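These notes are meant for a colleague who is opening the entry for the first time. Please keep the sequence and the model side by side while reading the numbered points.

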Amino acid sequence: MAKPTAAVFSFTGCEGCSLAILECEKELLDVVKLVDFVEWREAMSERTEAMIDLGFIDGAISTHHDEKKIRQVRERVRMLISIGACATNAGVNALKHRYGLREVKEIVYGEAGAEFDTISARPVHAVVPVEFEIPGCPIQGEEFLRIVLDIVQGKQPRLPNYPVCVECKRKENVCVFEKGMICMGPVARAGCGADCPSYGAWCEACRGFVDNPNDEAHEEVLTKYGVTSEELLQRYDIFCAYELEERKSRQQGQR
Ligand code: SF4
Ligand code: SF4
Ligand code: SF4
């Protein structure tokens, strides 16, 4: 039986998630046993106009060109899967929303910025329907393989829906709050094996939030360690600025 075809398309981002697939040496061999890559800028020069079974998208939708291209890609891909923080929640690209677009262009490109095509950064799902999202900055090779395997076998892939703290405590790490750091572990989605706290750093929630994060419990921890919500928001901002904007507009809509 023919293998499903697959392609990787990159939008606004560092393409690190596309590279992360290439770099998972052991897992990549297993992935190519499951699917036939037919288009992938970082890995091959071939292109196709044919319908593609699985389309992996890295990068946010952050220019008019991105917007047009993702709609074209959607039309020729049966199953669209966003990979990485940029594609799943706009990632660090949404940091520009702290400023006005004109100001951002000027800061980055000076006078030439006026001509630059940039719009508010959005995740892929905000522009076209997506079938699944794999979080992380960058994505984790093992998780990518597990999800591709599930999809190819017709199973519904799943992500962990518990916080990073669970994995961190399993590893018996010393909590970084004890070292005066601020950690997003209590509300961040697990699945990375608590990578950052395991190396003595704080979690910045690069995998986004768990569904229904327990903000109250997180606030309690923050109060215990004397951290203000302003300091907390600076942490959220790095990877979750867009998610927070969405959450805020949902709350305003409910009022
Ligand atoms: S999620 Fe991170 S690694 Fe992936 S494209 Fe965006 S910035 Fe790069
Ligand atoms: S270091 Fe972070 S992830 Fe680990 S237990 Fe403390 S708050 Fe949770
Ligand atoms: S610990 Fe947090 S920031 Fe680090 S990889 Fe995991 S989710 Fe991302």
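1. A residue is called buried if 20 or more other C-beta atoms lie within 10 Å of its own, exposed if 12 or fewer do, and partly exposed in between, with the C-beta atoms placed from the backbone. On that scale E172 counts as exposed because it has 6 C-beta neighbours inside 10 Å. E172 lies in the loop between α7 and α8 (195–198), where helices (H or I, at least four residues) and strands (E, at least two) are DSSP runs numbered from the N terminus. The phi of E172 is near 60 degrees, a positive value in a residue other than glycine.

2. This is a predicted model, in which local features need pLDDT of at least 70 and side-chain atom pairs count only at pLDDT 80 or more, whereas totals for chains, interfaces and linings use all residues. Residues are numbered from 1 along each chain as its sequence is written, while chains are lettered from A and ligands numbered from 1 in the order in which they are written.

3. A194 is also found in the loop between α7 and α8, and its phi, near 50 degrees, is likewise positive in a residue other than glycine. A194 is buried, because 23 other C-beta atoms lie within 10 Å. A further backbone feature is the cis peptide bond that joins C137 and P138, with omega about -5 degrees; P138 lies in the loop between β5 (132–134) and α6. For comparison, most residues other than glycine have a negative phi, and most peptide bonds are trans.

4. How is the chain divided? It is split into domain 1 (5–152) and domain 2 (164–254), with bounds that come from an automatic or database domain assignment. The C-alpha centres of domain 1 and domain 2 lie 24 Å apart, and the contact between them takes 16 residues from domain 1 and 14 residues from domain 2. Contact here requires that the C-beta atoms of two residues, placed from the backbone, lie within 7 Å. On the side of domain 1 that touches domain 2, α4 gives the most, with three residues. By class, that side of domain 1 has nine nonpolar, six polar and one charged residues, where Ala, Val, Leu, Ile, Met, Phe, Trp, Tyr, Cys and Pro count as nonpolar, Asp, Glu, Lys and Arg as charged, and the others, Gly among them, as polar.

5. Leaving aside residues up to four places away in sequence, A205 touches M184, V187, A188, Y236, F239 and C240.

6. Strand β1 is mostly covered, since five of its six residues are buried. β1 pairs with strand β2 (residues 36–40) in the parallel sense over four bridges, pairing being counted if DSSP finds at least two bridges between two strands. Five bridges join β1 to β3, and these two also run parallel.

7. Which residues come nearest to ligand 2? Of the 14 residues around ligand 2, the nearest are C165, C168, C175, C183 and G185, a residue being near a molecule if its C-beta atom, placed from the backbone, lies within 6 Å of it. Helix α7 (residues 164–170) gives the most to this shell, with four residues, and the shell around ligand 2 divides into 11 nonpolar, two polar and one charged.

8. Ligand 1 is surrounded by 14 residues, the closest being G13, G16, G84, C86 and C137. Both α1 (16–23) and α4 (85–89) supply at least two residues of that shell, which has seven nonpolar, five polar and two charged residues. The shell around ligand 3 has eight nonpolar, no polar and three charged residues; among them are A194 and A205.
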